[in-house]
Amino acid sequence: MAIPTAPIEIIDADYYQENGYPFHIWDKLRKDAPVAYCEHPNLVPFYAISRYEDIVEISRQPTLFESAPLLVVQPPDMAMQQQIRSIINMDLPDHRTYRKIMSSYFTKKRLNESQPKMDRVAEQILDAVAAKGDEVDFVNEVSKILPLAVIAEQLGLPVEDRDQFFQWTNEVVGALDPDFAREDGTKGPELALKAIQEVFVYCTKFVEDRRKSPQDDLTTVLANAKIDGEYLPPLELLSYIFILIIAGNETTRNATSGGMMTLMEHPDQMQYAIKHPEVLDSMVEEMVRWSSPIIHFCRTPNKDVTLHGVDIKAGEHIAMFYPSANRDETRFDDPYRFDILRTPNQHLGYGIGEHLCLGAHLARLELRAIFKGILHRVNHVELIGEPNRLKSSLIGGIKSLPVKIDFAA
Ligand code: HEM
């Protein structure tokens, strides 16, 4: 059988920047070509997986479908796996050993203790917005702040350095976006590499400090963790801190911006949520299904496999498109309806299986805190300009979102 192909738009960073998500293409792929070969001139070729059930099946077989060979479809010289070795791009058995070091710190019980503090920070963010006047860039004044503050606090890193974390995150995730090029001209793969190295240098001094003077923070846990009686090797240790700084930042920021944009597009739902604060949790879940901030992650089978009649050789790459799975009509009733009361809502925004997002509960609490504050204090929010999108086919990023906020008296 001829191998079905997928249009390059699904992996083209320029397309995402100009148009947002190609839902019409994913709809067709799910229907006619659930495994489709995609060859972009500047990227490694891959097979696109668009159906919910297939992403679940693949993610649940980590010994066959590995993460280490390729995490993200990027220009070959930019591949992150060449520079970091963290749980997100490790395979069994190391993956489980390393994930266990952190998993007890990302439990609901432990994180829920931070909810009152997150609510307070969310209040401060909204106080600052209210003091500025009613027209603001929602990304800069709201979405970006809480995830940065929370991860700095969890890791015990100075909250004053959060603008630096913001810059590093943008430079790693948005390296292809000309807006993030440095003044000295550093851009693209070179920029991502430089930012990673700077994060490593920055974290090294905190690791040394926490070995001498342990504190009650995650940097102390990682700096003093041992496997077979030895500290974690420097690459794995620094990559771990790096992934915690980066992974929760851009994603939660974009779920916040995407969530706000969606509420503005669905004013009836916004008004319902203002009147019924008890819908907060299911609203936050629906926002993540709807915005699906992560566009894709890759897997690479270590044996030849056949999926939907398509033969994939060991070592060839697969990309799983989460936003497509989250609009899969076989899984979600009326998937193009934004419904803050949707139940059940087992979306794949946080992935599934062995690599299920470690920070999913933290992200939920952050989104909860910020939208609780907004719904409590706001009468109405309105878009007053075009959103400016990130040039990336990994993250559906919004760089700025001009809004007018009408605060309740
Ligand atoms: C709305 C916000 C978020 C979204 C949409 C999101 C999405 C994802 C997805 C799809 C994966 C799966 C990767 C795979 O299967 O290959 C993942 C993994 C991961 N996420 Fe998140 N994430 C979010 C927030 C966070 C936060 C707040 C943190 C922590 C501070 C975090 C840390 C991680 C880590 C460490 C992994 C790797 C887990 C592993 O490989 O075992 N994420 N995330």
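## Strands 1 and 2, and their sheet

Tyr37 sits opposite Tyr47, a residue of strand 2. Strand 2 covers residues 46–49, and its antiparallel pairing with strand 1 runs over 4 bridges. Here, two strands pair if DSSP finds at least two bridges between them. The helices (H or I, at least four residues) and strands (E, at least two) are DSSP runs, numbered from the N terminus.

This is a predicted model, in which local features need pLDDT of at least 70 and side-chain atom pairs count only at pLDDT 80 or more, while totals for chains, interfaces and linings use all residues. Residue numbers start from 1 along each chain as its sequence is written.

Another open sheet has 3 strands in the order 4-14-11, with antiparallel pairing. Strand 4 (135–137) and strand 11 (378–383) are at its edges with a single partner strand each, so one side of each has no neighbour in the sheet. From one strand to the next, the twist averages 30 degrees; the axes behind such angles are lines fitted to C-alpha atoms, for helices over the stretch in contact, and angles run from 0 to 180 degrees between N-to-C directions.

Strand 11 pairs with strand 14 (residues 402–407) in the antiparallel sense, over 5 bridges. In this sheet, His380 stands opposite Asp406 of strand 14.

## Around the ligand

Which residues come nearest to the ligand? Of the 27 residues around it, they are Gly248, Gly351, His355, Cys357 and Gly359. A residue counts as near a molecule or strand if its C-beta atom, placed from the backbone, lies within 6 Å of it.

Helix 12 (234–265) and helix 16 (360–377) are the elements that give two or more residues to this shell. Helix 12 provides the largest share, 7 residues. By type, the shell has 17 nonpolar, 9 polar and 1 charged. In this count, Ala, Val, Leu, Ile, Met, Phe, Trp, Tyr, Cys and Pro are nonpolar, Asp, Glu, Lys and Arg are charged, and the others, Gly among them, are polar.

## The core and a buried helix

The largest nonpolar core contains 114 residues, and Ala48, Ile49, Leu146, Ile318 and Phe321 have the most contacts inside it. Helix 12 gives this core its largest share, 14 residues. Such a core is a set of buried Ala, Val, Leu, Ile, Met, Phe, Trp, Tyr and Cys residues joined through C-beta atoms within 7 Å. Buried means that 20 or more other C-beta atoms lie within 10 Å of a residue's own, exposed means 12 or fewer, and partly exposed is in between, with C-beta atoms placed from the backbone.

Helix 8 (residues 145–155) has 9 of its 11 residues buried, so it is largely enclosed by the rest of the structure. Among the elements covering its buried residues are helix 6 (115–132), helix 7 (138–143) and helix 12. After helix 8 comes Gly156, with a positive phi near 75 degrees.

## Leu92, out in a loop

Is Leu92 buried or exposed? Leu92 is exposed, with 12 other C-beta atoms within 10 Å. You can find Leu92 in the loop between strand 3 and helix 4 (94–103). Leu92 and Pro62 are 30 residues apart in sequence, yet 7.3 Å apart in space, C-alpha to C-alpha.

Methods:
Contact = placed C-beta atoms within 7 Å.
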